[in-house]
Amino acid sequence: MAKAIAAARNGITHTWTNPVVGAVIVKNNQLLATGYHHRFGEMHAEINALSHLQNIEDARDATMYVTLEPCSHYGKTPPCAKRLVEVGIKRVVIGQQDPNPQVSGHGIAILKAANIDVTVLNITDDLNVAYNFFYRHKRPLVTLKYAMSIDGKLNDGSGKRTLLTGKPAYHDSQNLRLHQQAILIGETTLAVDDPQLTVRETTPDFPPIRIVLVNRADDLDFSSALFQTTTPIWLLTRHSTVRQDWPATVKVFVDAHWKPETIMEFLYQKGVQSLLVEGGAHIQATFSAADLADRLIVYVSPLLLGGNGLPAVSGSGRTQPLAYRVTATTALGKDTRFDLRRQ
């Protein structure tokens, strides 16, 4: 299974809303083939492993180790479970049952109905954290990410962007974006920071959707950096739009009552499994108040701003504090990254 897990990791950032999956085929204590799901829409790990056999007849009476339950439905590819039955696989060792209701338990049932020996280990959940969370909780996994001074400020209070962290933290935050399916900011952050919200150090197969929560989409300035690239933009606006000249990359969604809960339901219906909230302070406060901050990634700069600087989380209050545990602490040049998860 360790080899299957290692193979699965090769697909990270390439499979979009599909899980990363690895598979190996073993027979008579010999490793015959290894495969993984290379890219969204391409063959699944099981089929990829079978394709690497010198002869498909070698699959008969072999054992397959696969990190996720073989699929049972027709999607972009045929059902993997049925193919394993057809080629005569004798035993299948599965890392975890698939939480997707289209698959969950059905792939295992197909294998068992064909008298294939099935073992489920329940050890590979960490390969697809957002995917598992999405199907188990029926909403995206939400990560709040921000950089702050040592005294908890986002800026110096001047009304302009304050550059707090150095290049190592910048590179790290770009890699963080690469692993997300969507990024969300509010209109104040859009106005003050004028961000692109893109992944700029590589060209991702599936760049994260850039989402901006605004009061009136029609008031936005097309000359801002956000509109200068072709990555998809979703505008969540509280007032209807009358503009007819939106760029082709822009979609506008109107709801007079956009709030974290309605955003979660909207993104769940759209199939978005992971959301990175990049601010600002008010957006972070509203997600925290709604108990929708599953992870925190905080870059702390050794600067003390003092004065009237904007607090990292400011706005909607909570009646009870949220408890988090620190899962990692990473030095990034002069800055420090803290990773935290809800307890």
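This is a predicted model: local features need pLDDT of at least 70, side-chain atom pairs count only at pLDDT 80 or more; totals for chains, interfaces and linings use all residues.
User: Where do the two domains run, and how far apart are their C-alpha centres?
Analyst: The domain assignment gives domain 1 as 1-128 and domain 2 as 138-342, with bounds that come from an automatic or database domain assignment. Their C-alpha centres lie 36 Å apart.

User: What area do they bury between them?
Analyst: Domain 1 and domain 2 bury about 750 Å² between them, and 63% of it is on carbon and sulfur atoms; buried area here is the accessible area (1.4 Å probe) that two parts lose on being put together, summed over both. On the side of domain 1, Thr13, Trp16 and Thr17 supply 77% of the area buried against domain 2, more than any other three residues.

User: How many salt bridges and polar contacts are there between the domains?
Analyst: The rule finds one salt bridge across the interface, a salt bridge being a side-chain nitrogen of Lys or Arg within 4 Å of a carboxyl oxygen of Asp or Glu. There are also four residue pairs in polar contact between domain 1 and domain 2, both residues of each pair being at pLDDT 80 or more; a polar contact is a pair of N or O atoms within 3.5 Å, where within protein one must be able to donate a hydrogen and the other to accept it, and residues adjacent in sequence count only if both atoms are side-chain atoms.

User: And which salt bridges does the whole structure have?
Analyst: A search of the whole structure finds 13 salt bridges. One of them joins Asp117 and Arg91, at 3.5 Å from N to O. That pair links distant parts of the chain, since Asp117 is in strand 5 (residues 117-120) and Arg91 is in strand 4 (residues 91-94), 26 residues apart; helices (H or I, at least four residues) and strands (E, at least two) are DSSP runs, numbered from the N terminus.

User: Switching topic, which residues does UniProt list as a binding site?
Analyst: The unreviewed UniProt entry places the feature "binding site" at His44, Cys71 and Cys80. They span 37 residues in sequence, yet no two of their C-alpha atoms are more than 8.9 Å apart, so they gather at one spot. UniProt positions are given in the numbering used here, feature names are shortened, and annotations may be inferred rather than shown by experiment.

User: Are Cys71 and Cys80 buried or exposed?
Analyst: Cys71 counts as buried at 6% relative accessibility, and Cys80 is buried with a relative accessible area of 0%; buried means under 20% relative accessible area, exposed over 50%, and partly exposed in between (1.4 Å probe, protein chains only).

User: Where are these two cysteines, and what do they touch?
Analyst: Cys71 is found in the loop between strand 3 (63-66) and helix 3 (80-87), while Cys80 has its place in helix 3. Not counting residues up to four places away in sequence, Cys71 touches residues including His44, Glu46 and Cys80. Leaving aside neighbours within four places in sequence, Cys80 is in contact with His44, Glu46, Ile47, Pro70 and Cys71.

Notes
Residues are numbered from 1 along each chain as its sequence is written. Side-chain values use heavy atoms; hydrogens and water are left out. Contact means heavy atoms within 4.5 Å.
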